[in-house]
Structures are given as structure tokens and as C-alpha cells.
Amino acid sequence: MSTTKTDTEVHSFLKSLYKGEFAESLVFPFPEVPEDVKETVTVFADAYRDFDAQFIDSEKIDRDHFFPREAIQGLGDLGALGMTIPEEYGGSGFSAAAYCKMVEVIGPLDSSAAIVIGSHQSIGLKPLLLFGTDEQKRKWLPDLASGKRLAAFCLTEPEAGSDAASLKTTAVYDPATDEYVLNGTKQWISNGGFAKFLTVFARIPSEAAEKDKHREIACFAVVPDESGELPGLTRGPEEKKLGLCGSSTCQIILENCRVPAFNMIGGKGQGFRVAVETLNTGRTSLGAGSVGGCKQMIKLATEHATQRKQFKTRIADFELIREKIAEMTANTYVLESMVYLTAGLIDKGVPDYSLEGACCKVYGTELLWKTINEALQIAGGNGFMNEYPYGRALRDSRVNMIFEGTNEILRLYLALTGMKEAGDVLKGVEKAVYSPLTQYGVLIGHAQKWMQGNVPAFDKKLQKVHPALAPEADQVSHYASIFRNAVETIVFRNGKKVIERQYLHHRIADTLIDLYAQVATLSRVTAAIEKKGEEKAKPEIEIARWFCFQARHRMVASLKALDKNRDAEATAISNAVYEAGGYPFDLWGW
Amino acid sequence: MNHVVCIAYVPDTETKVKIGGDGKSIDETDVKWIVSPYDEYALEEALKTREAKGGTVTVLTFGPARADVGLRECLARGADEAVRIASDGLGETDSLGVAQLLAAALKGMKADAIWMGSKGVGTDAGVMVSMVAELLDLPNVNLVTKVEWKDGAVTLWREVEGGREVVESPLPCVIGAHKGLNEPRYASLKGIMAAKKKVIAVKKPADLGVDPAGITGEKAAVRWTKLELPPARQACKLIPADDPQKAAEELLRLLRDEAKVL
């Protein structure tokens with residue numbers, strides 16, 4: 001990999017964009033997966049499909065609200081629970097790209113299995129993997145890799161959802177036994193019913209000032225015995241859910257639950273960072289799962305559209321259907337490009353991909369929802385019938401937009417982080433993302449700097465895009481520049497109030513996602529042209545043109561609305577509704 | 001006990017077969033290749049026996065470089081070693097030619113039990129078990145659905161018309177595995193990773209003392225002269241049933257005059 005001065009300084013492509021740079025060598029050439037990795041994943045995917053066909057009956061799991069325990073052991077024996085764990089600790093040491101590809105396969109086959117596998121290794125055991133000591137890893141990872149122990153990530157509480165830093169579970173040190181005593185309730189814990197390795201986030205009470213309260217949080221490995229029992233640990237009843245019915249979701253109740261001090265992961269005061277980093281690294285794979293789901297829907301929609309005839313014409317030939325198929329397919333291509341570009345960044349060792357991962361999660365989960373909805377629409381009346389897979393797919397995919405950071409919180413994160421990067425003055429913004437309403441540092445200083453012309457102008461252009469896509473590359477460069485200046489302007493105009501301007505955050509985040517989506521697509525199509533030649537890469541060039549055209553309209557709309565909008569009206573309308581306690585405008589005055 | 005399992009890497013049974021340009025071979029583009037399902041039973045039984053009684057399992061195949069993927073899959077399921085007799089540049093041979101190559105390789109491998117599927121799903125000739133056994137002067141038992149080991153011998157249950165036959169054979173012998181013998185295991189990810197690190201031994205026919213000229217071209221006793229796909233099925237004909245009486249008459253007429261089955 002060639003490194004320029006810029007790229008050794010810049011550790012994140014999107015953060016660099018906010019700073020007025022294109023760290024182009026991070027995203028060009030499009031990452032290629034080595035052949036031997038492809039072969040391994042291909043063979044394993046085949047084995048997984050066979051396993052699924054034989055042992056996982058998705059309809060029954062959905063109906064019974066139960067994922068068979070033998071199937072969990074089977075997943076362990078197969079190696080599906082140790083994919084991301086290094087070989088030296090008993091796993092298979094998959095790269096991010098290899099793991100994403102498997103998630104893509106697993107998700108559409110059975111989403112409850114995907115949740116069992118994902119909650120285990122995308123988040124449950126991730127704190128140990130990222131922050132554990134070698135001794136801790138040796139102690140627990142082998143059992144986690146084999147499936148002898150399943151992991152669960154325990155952050156959310158009844159009163160602490162998006163605002164995770166406000167969690168109330170406490171951990172009090174007992175010097176007599178060198179243990180921490182945990183008390184509190186964790187809510188909606190995936191794998192909660194049968195996990196035997198729980199990463200629990202708890203507060204070690206201190207006299208810290210309110211703004212430093214998140215520094216009290218620590219992460220603990222709570223490790224029951226082999227039958228799942230531990231004094232002081234109770235599992236609540238299984239929640240009744242809209243979807244993912246086979247996965248286990250319940251409360252974890254800790255009452256004077258004693259945990260050896262050895263089990264603290266990442267050290268005192270590091271818990272919040274452990275949680276945030278864990279979630280940041282796990283998000284890309286949610287995008288990958290969405291890629292798999294979208295591909296499945298495109299297949300179903302294509303089968304139906306090419307077979308179904310109305311007015312003596314196959315419906316596939318109607319432009320209203322073509323429009324849907326083209327949109328589903330092009331957007332899925334774009335998502336696939338984003339996910340595997342991000343996976344490539346991770347595999348390259350780029351230290352910060354939190355914004356890119358958040359883009360994959362937000363774009364991917366919303367695209368999957370839309371794509372299932374369109375496939376259902378193409379299926380017509382059949383789509384509404386439960387014997388077809390659309391209903392369950394909708395139910396199962398809905399929570400994607402809620403968990404691992406709601407898409408709203410992630411949009412704030414994308415925008416606020418950018419403002420921090422742009423100005424480098426909004427201190428503690430990572431915390432702001434999880435307690436976005438708390439007051440933070442003053443931005444005026446930066447605004448003054450901007451006024452004095454001390455902020456470098458953004459005049460960089462994408463250089464490495466193939467000439468066949470020059471207009472698209474110019475467009476991205478142009479709007480990246482406008483975007484960056486717009487963010488500066490907002491910071492200047494709003495001062496410290498900018499952290500409350502969520503109407504604006506929404507537009508900034510959406511534009512950032514569109515910029516990343518276009519860059520990822522242009523990078524991938526450039527690689528395709530270089531590999532196959534322009535003629536053979538034509539369908540992909542068409543996708544890039546189609547998508548960049550759509551993205552331009554969205555970007556223009558969002559950027560214009562940063563300046564001219566009806567946000568004041570939105571506030572007024574919502575105020576009227578809140579006062580009335582619901583819809584206040586009934587035509588008959590009811 | 002040492003086991004050698006002979007496998008064939010064949011087109012997936014779900015592959016849509018296309019005839020090649022020469023009219024006597026299969027067009028291999030877009031073909032997905034798999035280990036022949038009957039060979040999977042053979043491998044599974046060898047692995048189970050090794051797990052119970054110790055020893056080694058070696059897989060052996062004859063084929064081009066792509067067959068290494070099949071061998072690696074067997075290694076991933078637990079085989080210890082893999083050997084490929086390279087077919088690259090050899091020219092067309094027949095079952096007897098393949099049997100000669102396998103037998104030549106097996107001579108140097110000191111196997112207590114030689115396994116293969118009762119037939120390969122590629123050509124379905126079903127002759128390899130007897131040919132290899134004959135060339136090695138060993139007993140053979142085909143269509144085996146149950147195995148019991150004794151000291152220096154093996155009891156085998158084989159499917160016969162309307163019943164089962166129980167035979168005992170001394171070792172070494174050649175065993176043809178049949179459907180029902182066992183449920184083949186999946187390759188685990190650990191196995192796949194371990195298999196990646198193993199080296200597949202590749203041997204040329206000459207290394208085994210077989211002269212390629214003696215088993216190819218005019219020397220091949222069986223040659224493919226022509227391949228044909230079954231005729232395409234005709235579109236379904238729907239008779240409007242507004243008037244049942246007339247519809248029945250029309251059906252009868254079609255069956256008699258067009259389909260000529262009455």
C-alpha cells in the first residue's frame with residue numbers, strides 16, 4: 001500500500017473528508033480479497049448451507065419462538081461461533097471481509113441463527129477480544145470459540161437505552177475478597193436466556209462531577225458455571241417480540257452478584273470506551289447482513305416478476321416494475337461496495353472506521369427494509385400471505401434500525417463527529433453521541449478561526465476514478481467541498497447550540513452517507529473496469545451513473561435545506577401536537 | 001488401520017449440463033464441481049473407523065488441478081493426507097485406464113481398506129470397485145450399507161434385490177459404499193483452516209509407472225462418440241373447461257390423434 005503524508009496523518013477516510021482532505025489511498029484501489037481466503041469462505045459457506053438445510057427449520061423456529069439448543073451446539077461444532085477469534089485462542093481468525101461474507105450468507109438463511117451468532121461474536125465477546133489481557137483471552141476465548149459458552153453483550157437498561165452513559169447498574173469493590181459486587185437490571189439482552197459469558201457494563205460509584213460520570217463505567221465478564229448458574233444472577237422471562245422470534249431476548253438481573261476483580265475488561269474507567277468501540281466495530285457486519293437479505297429479496301422479486309403475467313405481459317416488462325428492480329439492485333451494489341470497502345479498511349489496519357461502519361449500518365438496514373417492502377409489493381397479494389417469506393422478513397429486519405445504536409443516534413454521531421473533526425473543538429463528542437442533550441464545549445473559538453480564514457479551503461479532487469466515470473468523480477469532489485463548507489457555516493452560525501440542531505444533523509448525516517456511498521461505488525467500478533475492461537464492466541458503470549444521479553438530487557436537497565427550510569414550522573407543529581396530546585386538527589373538531 | 005478413499009470430483013447433480021462444441025464432451029464452463037455423493041459415504045465410514053480404531057485416512061483422486069478443491073474438502077472433513085494423480089494433458093481415457101492409474105498408486109500406499117462410492121454420479125458406470133480390486137488382486141464388496149470390523153477381517157452388509165446379503169472379507173479389500181451406510185459429516189471451519197495448511201501430493205502417471213500412451217486414444221477400450229441431451233419437454237397444453245362435456249371430448253381426441261396413446 002502506498003502511503004502519502006496525508007494518509008499517515010489521517011486515520012479515517014470520512015473524518016478526513018470533514019477536515020477538507022480526500023485520503024484517497026485509503027479507498028483506492030478497491031480492496032481485493034486473497035484467493036485462498038475466498039476458497040476457505042466458499043467451502044465454509046457450503047458447509048453452513050448444508051447445516052442450515054438439515055438442522056435449522058426457520059418456520060418452526062419462528063412459530064415456536066425457540067431456537068433448538070442442539071442447533072447452537074451444531075453451530076459451535078461447525079466453527080460458526082469462532083470465526084472472528086484468532087487461531088491461537090481456538091478460533092479461525094477470519095478477516096473482516098471473510099466474516100462479513102459469512103454474515104451475508106447466514107442472515108437470509110435464518111435470522112435467528114444470525115442473531116445467535118452475531119450477538120455472540122459481533123458484540124458479546126468483542127470487549128474481551130478488543131480489550132482483554134492475554135490471560136483473560138486464554139481463559140475464556142477457547143470455550144467461546146467452540147460454542148461451549150455463548151456470549152451476550154449487556155449494556156442496555158430499562159432507563160438507559162440510547163443514553164447508555166446514564167446506566168445505573170453498580171459495581172462495588174469488596175477488598176476482603178478482591179471481588180466486585182454487581183447490582184442492577186439489564187434489558188433486552190440478546191442470547192440472554194442461555195449465554196454463559198456476559199459482558200456487563202456497570203458503574204463504580206465515585207464522587208465524580210456529573211460530566212465525568214461516564215468515567216465510572218467498567219466492563220465485567222460475568223461468567224456463570226457450565227449449567228448457566230451463578231449466585232446473584234437471574235434471567236428474566238423471554239420477551240415476546242415482533243421478529244427474530246427464535247433468538248433469546250430477556251432481562252439479566254444482578255443482585256449482589258460477585259465477580260472476581262480479574263474479570264474486569266479494559267480497566268477502571270474504560271467501560272464506556274469498551275462499549276463504544278465494541279459497537280463501532282460490530283456495525284459493519286449489520287450492513288453485510290443487509291446485503292445478504294437484499295440479494296435474497298432481489299432473487300424472489302425477479303422470479304416472481306419474470307413468471308407472473310398480467311395483461312398478457314410478464315410484469316417484469318412493465319416500467320413500474322423495472323424501476324423497482326433497478327433501484328433495489330443498484331442500491332444493493334452500492335451497499336455491498338460500502339461494506340466491503342469498510343471491511344477492507346479494517347483488514348488494512350486503518351485504526352478508525354467508526355463513521356464508515358455507521359454509514360454501512362444506517363444505509364444497509366434502511367435499504368433492506370425498503371427492499372423487502374418493494375419485493376413484497378412486486379409479489380402483489382401473495383406478498384401479504386404468510387405462506388410467503390416477505391412478512392417474516394419484514395418482521396425480522398425491523399429491529400435492525402433500532403439496535404446497536406438507533407439510526408437516529410447514529411445520524412447524530414455521524415454529524416457531531418464531523419463537526420468535531422471540522423472544528424476540532426467539540427470535546428467529548430463521543431460521549432455527546434450517547435448523551436446528546438448534555439452541554440459541551442464552546443464552538444465559537446473555531447468559528448472565529450474560520451472567520452479569520454485559518455481553515456484550509458477544500459479544493460481537492462478525486463484523482464483515482466477511471467475516466468469513464470469522470471463526471472461522477474467531479475460531482476463527488478464538488479459536493480464534498482460544498483458539504484464541508486456548509487458544515488463550517490453551521491458551526492459558525494449556531495455556536496454551541498449546534499449540538500442541539502438535529503434537523504441539521506439529519507441532513508449532514510444523509511449527505512455524508514451519500515458521499516461515502518458514491519466514493520465506495522466509484523472505487524469498486526474503477527477496479528472492475530481495470531480488471532475486465534470498459535465493455536464488460538458496462539452494467540456496473542451504469543449502476544454508478546444511476547446511483548450518483550440519484551445521490552446528487554438528495555445531496556442538493558439536503559444541502560439547500562441547511563440554509564432554507566421549514567424547521568421552525570416543524571417545531572411549531574410538534575409543539576401543537578404535544579400540547580393536545582395527539583392529533584389536534586380533526587376535521588370535525590372531535 | 002490405514003484407509004485409502006478414492007474420490008471422484010464430479011459436476012453437481014443440480015448442474016444444468018451443456019454439451020461441448022465437439023458433441024462428445026460436457027461444456028465445463030459454469031459447472032459447479034462436488035465430491036461424488038457416494039464417495040462421501042465412503043469417506044465418512046473411513047473417518048468413523050479411524051476415530052474408533054486409530055490409523056490414517058488418505059484420499060486419492062485422478063483429475064485436473066481443480067480436483068484439489070475436492071481433495072481439500074475431504075481433508076477439511078478430517079482426512080489426513082491427499083494424493084492427486086494428475087490428468088492434465090493426458091488425453092481422453094476410460095474407466096479401465098483410471099482403474100489402472102488408481103491401482104498403480106494404491107500399490108505403494110499399504111492400505112488395509114480401500115474405499116470408494118458404489119458409483120460416481122458423473123458417468124454412473126459403477127465399475128471402478130471391481131476393476132481396481134481385480135487389478136490389485138483383492139476381494140471386493142460393493143453396495144455396502146453396514147460395516148463391522150473384526151481382527152484382520154470385516155463383515156459387510158450389501159443391498160441385493162429384495163434383501164440384504166452379509167459377507168465376510170479378509171483385509172485388505174475394496175469396499176463400495178452405498179446410500180444408507182451413514183450420514184456424512186460437514187467440514188468444520190477448523191477442519192477447513194487445517195486443510196489449507198496441508199500439501200496435496202501430485203503424481204504424474206509416469207511417476208506411477210503407467211505409460212499414458214497405453215491408456216489413452218486408441219488404447220482406451222471405451223470412447224465417447226456422441227452425447228445428447230434428452231429432448232426438451234413440450235409446453236403444457238391447456239384445454240378450456242367451460243363446457244366439461246366438450247373438454248372431455250377434446251381431451252380424448254388429443255390423446256388419440258396427437259399423442260397417439262389410445
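Modeller: Buried area is the accessible area, found with a 1.4 Å probe, that two parts lose on being put together, summed over both. This is a predicted model, in which local features need pLDDT of at least 70 and side-chain atom pairs count only at pLDDT 80 or more, while totals for chains, interfaces and linings use all residues. Residues are numbered from 1 along each chain as its sequence is written, chains are lettered from A in the order in which they are written, and side-chain values use heavy atoms, leaving out hydrogens and water.

Biologist: How much area do domain 1 and domain 3 of chain A bury between them?
Modeller: The size of an interface is often given as the accessible area lost when the parts come together. Here domain 1 of chain A (35–150) and domain 3 of chain A (273–409), whose bounds come from an automatic or database domain assignment, bury about 1800 Å², with 63% of it on carbon and sulfur atoms. On the domain 1 side, Cys100(A), Glu104(A) and Phe131(A) lose the most area to domain 3, together 29% of what that side buries.

Biologist: How many salt bridges does the rule find across the interface of these domains of chain A?
Modeller: A salt bridge is a side-chain nitrogen of Lys or Arg within 4 Å of a carboxyl oxygen of Asp or Glu. The rule finds two between domain 1 and domain 3 of chain A, and Asp62(A) forms a salt bridge with Arg395(A), their closest N and O atoms being 2.8 Å apart.

Biologist: Which helices supply the domain 1 side that touches domain 3 in chain A?
Modeller: Helices are DSSP runs of H or I with at least four residues, numbered from the N terminus. H5 (58–64), H7 (96–109), H8 (111–124) and H9 (126–131) of chain A each supply at least two residues of that side, and the largest share, eight residues, comes from H7(A).

Biologist: How many residues of chain A are in contact with chain B?
Modeller: Contact means heavy atoms within 4.5 Å, and by this rule 19 residues of chain A are in contact with 13 residues of chain B. The area buried between chain A and chain B is about 1400 Å², of which carbon and sulfur atoms give 61%.

Biologist: Which side chains meet in a salt bridge between these chains?
Modeller: Three salt bridges are counted between chain A and chain B, and in a salt bridge at 2.9 Å, N to O, the side chain of Lys197(B) meets that of Glu87(A). Helices H4 (35–55) and H6 (69–78) of chain A each supply at least two residues of the side that touches chain B, and H4(A) gives the largest share of that side, 11 residues.
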